[in-house]
Amino acid sequence: MTEELAVEGLRSRWADGVRWLTLDRPKARNALTVAMRRGLIDAVRGADADPGTRLVVLTATDPAFSAGVDLKESLGGARGARTDPAEVLRVARTPVLGVINGPCYTGALELALSCDFLIASDKAKFADTHAALGLVAGWGMSAMLPRAVGVRLARQMMVTGDPITADQALQAGLVNEVVPHERLPDRAERIAAAIVAAAPDSVSATLGLLADGEGATLAHALALESAAKLRRRTDVAEVSRRFLARTASQHEHRRRAEN
């Protein structure tokens, strides 16, 4: 899958099993136009349809991740203004890594919440300004944010519009890790490489179990895992090959670190 999207404000490239999507309207703080939202939807659906694509990475051009929906366009009555890319991210079969390089507000926060997990620059900030602007969330904020950070913090963020820092987001559980801004691309590359190197069917099965078990009782979640284990046939030779390769790689990393 090597074709590129021809969408203004959205760059797309494919490399080594990864579809990299970059919001690219820096002068407009990467505000999401209808065309960009449709482009995101098409790209994620295309990744799902391509067995060679193992991961989607969503990031943006500095200095912001995104200010959210382009309100000038949306309030002007643009056709397709209700287009919802967050929903498509949530149902994607291909894992989606969000790489948050700067301020991530409102509709962009809903996009981020809909990724499988997030890493963030120390320059990132997160806010929901729907209520402050006289709007009501429509891409999943009221459902997703409380599950990520807890109900009390979600209430505060949603009714005040005040941002939280990257470190506060980490402490609350919104992001998985925070790295110095200049190291963010490298960290994203390393995570992407690790996911691509993992067994595709195991990644798919694992994410499926997590999705099916989310919100379920412990007993039901355990039953889902047991049923999946019984259905699965383990390729002993493949597991052995992967184990030996991983052990050799770890040994080489230790050797280099010691030298």
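This is a predicted model: local features need pLDDT of at least 70, side-chain atom pairs count only at pLDDT 80 or more; totals for chains, interfaces and linings use all residues.
Colleague: Where does Ser66 sit?

Modeller: Ser66 is in the loop between strand S3 (55–60) and helix H2 (71–75).

Colleague: Buried or exposed?

Modeller: Ser66 counts as buried, because its relative accessibility is 1% and buried means under 20%.

Colleague: And what does Ser66 touch?

Modeller: Leaving out residues up to four places away in sequence, its contacts include Leu23, Arg29, Pro103 and Tyr105. Asn30 is also among them, and a polar atom of the Ser66 side chain lies 2.8 Å from the backbone oxygen of Asn30.

Colleague: Switching topic: how many salt bridges are there?

Modeller: The structure holds seven. One of them pairs Asp24 with Arg11, with 3.1 Å between the closest N and O atoms. That pair links distant parts of the chain, 13 residues apart: Arg11 is in strand S1 and Asp24 in the loop between strand S2 and helix H1.

Colleague: How about Arg187, what does its side chain meet?

Modeller: Glu177, in a salt bridge at 2.7 Å, N to O. Arg187 is in helix H8 and Glu177 in strand S9, ten residues apart. Arg187 is partly exposed at 21% relative accessible area, and Glu177 is partly exposed at 22%.

Colleague: What separates Glu238 and Arg242 along helix H11?

Modeller: About one helical turn, because they are four residues apart in that helix. Their side chains meet in a salt bridge of 2.9 Å, N to O.

Colleague: Which residues are linked in a network there?

Modeller: Glu238, Arg241 and Arg242 are linked in a network of salt bridges.

Conventions
Residues are numbered from 1 along each chain as its sequence is written. Side-chain values use heavy atoms; hydrogens and water are left out. Helices (H or I, at least four residues) and strands (E, at least two) are DSSP runs, numbered from the N terminus. Buried means under 20% relative accessible area, exposed over 50%, partly exposed in between (1.4 Å probe, protein chains only). A polar contact is a pair of N or O atoms within 3.5 Å; within protein, one must be able to donate a hydrogen and the other to accept it, and residues adjacent in sequence count only if both atoms are side-chain atoms. Contact means heavy atoms within 4.5 Å. A salt bridge is a side-chain nitrogen of Lys or Arg within 4 Å of a carboxyl oxygen of Asp or Glu.
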